[in-house]
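Good morning, and thank you for coming.

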Amino acid sequence: MRWTQTFIPTLKEAPADAEILSHKLLLRAGLLRKLASGVYTFLPVGLRALRKVEQIVREEMNRSGAIEVLMPALQPPEIWRQSGRYETASAVLFKVRDSANREWVLSPTAEEVITLMAASEMNSYRQMPKNFYQVSVKFRDEIRPRFGLMRAREFIMKDAYSFDVSDDAAQVSYQKMYDAYTRIFARCGLKAFPVEADTGVIGGKFSHEFMVPAETGENEVVYCEGCGYAANLEKATSGIPKTAAREIGAVMEKFATPGAITIEALTKAPYSVSANRQIKTLVYTADSKPVIFLIRGDDQLNEAKLAGIIGTPIFRAATAEEIFAALGAHPGSLGAAGVKDISIFADERLRGANDMTTGANEDGFHFRNVSIERDITVTKWWDLRTVTAGEPCAKCGKSLKMRRAIEVGHVFKLGTKYSEKMGALFLDESGARKPCVMGCYGIGVTRTLQAVIEQSNDQDGIIWPLAVAPYQVCITPLGVAPDSPVMQLAEKIYAELTERGVEVILDDRDDRPGVKFKDADLVGFPLRVAIGEKSLVKGEVEIKPRGGALFTVAAAEAVARVLALLKA
């Protein structure tokens, strides 16, 4: 490809709304242009790099035994109601109406579609295992699209769905996808690592996210360098000890606490109750009913963990009016002692705790001498708290660390959640009808492309890994007169490399050398071959690996040297 025949509109400065480095480079290097918030046009070099990522994804999915299909982006809302996600995923669903005023959903994912297909086409254990995948455009109604392709309204995703006859068989399918993802990200040049993750609105038994370390990442990851434990902050647990037990004292005693409506206020005189001896009472509503969560006063509630215990992702913090109606007091004086007919979920760190202080459900009063197991009827114990750096690892005891990261892939073990609701049943060897055991597996293809840039760049621009570079080699003649020795050699090297299957771009623009060099570095081509009159007099050309040192080689050896570098 010749530079003058393609379209690479590089920019000296990034638009003001580009917040992170990779977003700025996508725009400055001429890979993307913004149409609207969260909606982008891929330009030629951006599309070439995107297709490289897609090809790697397809090769590894095919290698794993998955079968490619293509499902509709336009889906009837009835199937989302059937699965129960029309309500639970409503915040991200794009809904459109046709000329007959019928409603449709623009696909953010395809569990419902593929499960209905399986329900109609797969009815015997002999047809399994099967894993279907697609690479297609998805739509999510992001409230605040940001960071370019990282959080967009329209994006490209690879989604796959496995069907198995048993939980053990489903685990085999899950592991195949886990291994395939490891290979995909390695081939893309990404330093990605798996972490335990929350299943979110997708649901299911457990899941892993594949994360790329990045200071600008939207996810916080907790990890242990000792044993390799890693989890998203929304899922992470630690080995922090439970609240130290004390002798169970007298019965609860109510005492006046006028104006003390915070944990901190109670730590000061005249009360002097340390935060670790207080019970923090938080009230939420789920399905229009109040739910109480108890954690220690010096801990923070992790809302992402609540969906698993409540049984629905639709919940919110209760209003002051709702709280007063349920408990007869306002926030700051709340507690669970003596509360009946409301579900009470307590953090495991409080199990066995006594000599605690909590609100008395009367404004301006608290209880002391509270024993959790004696005075509070706990519906269920759960890990509710947010882990902090420095806490001991639950597996090996070493200090946990935290870092920010970008999520590029997610694998879920769904179980029978969708197959039971949507009738994906099969006859087993004994003739019994059972639901298929499912898994689902997503990779943000466009997000992966940007993650590569976020992880691989310098002050001059992008540094593409060879496997996903839009072109592998940029030939830069410093003079472009057609009959000049410089251009003739450039054409010769271009033809020979192209004939050998190398993806080459020839910068035939009649522009200053500095402009051409800066553009080549900005776009990030792995190798640049520069040909100028002065070096050609010596019979030499210059080769510069992107991010590496420039060196000269004999002009006659240029092609062989480039091929050797590409194979290295």
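This is a predicted model: local features need pLDDT of at least 70, side-chain atom pairs count only at pLDDT 80 or more; totals for chains, interfaces and linings use all residues.

In which sense do strand β1 and strand β2 pair, and over how many bridges? Strand β1 (residues 32-36) and strand β2 (residues 39-42) are antiparallel and share four bridges. Helices (H or I, at least four residues) and strands (E, at least two) are DSSP runs, numbered from the N terminus. Two strands pair if DSSP finds at least two bridges between them.

Residues are numbered from 1 along each chain as its sequence is written, and side-chain values use heavy atoms, with hydrogens and water left out.

To return to the hairpin of β1 and β2, two residues lie between the strands, and G38 in the turn has a positive phi of about 80°. A36 has V39 in β2 as its bridge partner.

A second hairpin is made by β11 and β12, with six residues between the strands; here G228 takes a positive phi near 90°. Strand β11 (residues 219-223) is joined by three bridges to the antiparallel strand β12 (residues 230-232), and Y223 has A230 as its bridge partner. β11 is also joined, by five antiparallel bridges, to strand β21 (residues 401-415), where A405 stands opposite N219. Four of the five residues of β11 are buried, meaning under 20% relative accessible area, whereas exposed is over 50% and partly exposed lies in between (1.4 Å probe, protein chains only).

Next, an open sheet. Five strands form it in the order β16-β14-β15-β17-β20, with mixed pairing. Because β16 (315-317) and β20 (380-382) stand at the edges with a single partner strand each, one side of each has no neighbour in the sheet. From one strand to the next, the twist averages 30°. Helix α9 (residues 320-327) packs on the sheet and touches β14, β15 (289-296) and β16; its direction makes about 105° with that of β14. Here axes are lines fitted to C-alpha atoms, for helices over the stretch in contact, and angles run from 0 to 180 degrees between N-to-C directions. Strand β14 (residues 279-286) pairs with β16 in the antiparallel sense over three bridges, and A286 stands opposite F315 in β16.

Which residues of helix α16 are buried? In α16 (residues 558-567), they are A558, V559, V562, L563 and L566. They lie on the same side of α16, because they cover an arc of only 130° around the axis; the arc is that of the directions from the helix axis to the C-beta atoms. A560 and K567, on the other side of α16, are exposed. The cover over the buried residues includes β27 (473-477), α13 (485-499) and β29 (527-531).

The largest nonpolar core has 59 residues, and L31, Y181, I184, F185, W464 and F525 have the most contacts inside it. Such a core is a set of buried Ala, Val, Leu, Ile, Met, Phe, Trp, Tyr and Cys residues joined through side-chain atoms within 4.5 Å. Leaving aside neighbours within four places in sequence, F185 is in contact (heavy atoms within 4.5 Å) with residues including L190, F210 and V408.
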